[in-house]
Amino acid sequence: MLSDIAAWFITMAVLNPVQAEVQTRLDQVNASAAAATQVQQCITTHAPRLIERAANEPSWAVTTAIGVSVGWTSPVTLLDPRDPNCAALAALLQGGEQESEQS
């Protein structure tokens, strides 16, 4: 039961907002189809892993969701840096973080 709640929490507080932000940024930068495909593959690969971790580690899920929500934790840290599909997503998210810091 607690693991289901943690998985739901990480989905609602981290994955859904990040996916919406990514889509907005892809639209803003008029990203190529290849970049959009890479980003989608990264999300498709890593979302289930994050949900599984949240289910197994509810305290991690709560602290991560809070950290991402308030800006203490970058969503980029949740990505596997060895996955080439995530490089485009990391660059997209880091570019947006730099813009918000300059504002």
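Me: Which residues of α3 are buried?
Reply: The buried ones are W60, A61, T64, A65, G67 and V68. They lie on the same side of α3, because they cover an arc of only 165 degrees around the axis. On the other side of α3, S59, T63 and S69 are exposed. Bear in mind that this is a predicted model.

Me: What is the general idea behind such a pattern?
Reply: An α-helix has 3.6 residues a turn, so residues three or four places apart point the same way. Here, α3 has 13 residues and spans 18 Å from its first C-alpha to its last, close to the 18 Å expected.

Me: Which element of the chain has the highest mean pLDDT, and which the lowest?
Reply: Helix α3 has the highest, at 89, and helix α4 (residues 84–102) the lowest, at 70. For the chain, the mean is 82.

Me: How many salt bridges are there?
Reply: Here is the general idea: side chains of opposite charge can pair when their charged atoms come close. In this structure the count comes to 3. One of them joins R25 and E21, at 2.5 Å from N to O. These two residues are 4 residues apart in helix α1 (residues 2–28), so about one helical turn separates them. R25 counts as buried at 15% relative accessibility, while E21 is partly exposed at 29%.

Notes. Residues are numbered from 1 along each chain as its sequence is written. This is a predicted model: local features need pLDDT of at least 70, side-chain atom pairs count only at pLDDT 80 or more; totals for chains, interfaces and linings use all residues. Side-chain values use heavy atoms; hydrogens and water are left out. pLDDT is the predictor's confidence in each residue, from 0 to 100. The expected span of a helix is 1.5 Å times one less than its number of residues. Buried means under 20% relative accessible area, exposed over 50%, partly exposed in between (1.4 Å probe, protein chains only). The arc is that of the directions from the helix axis to the C-beta atoms. A salt bridge is a side-chain nitrogen of Lys or Arg within 4 Å of a carboxyl oxygen of Asp or Glu.
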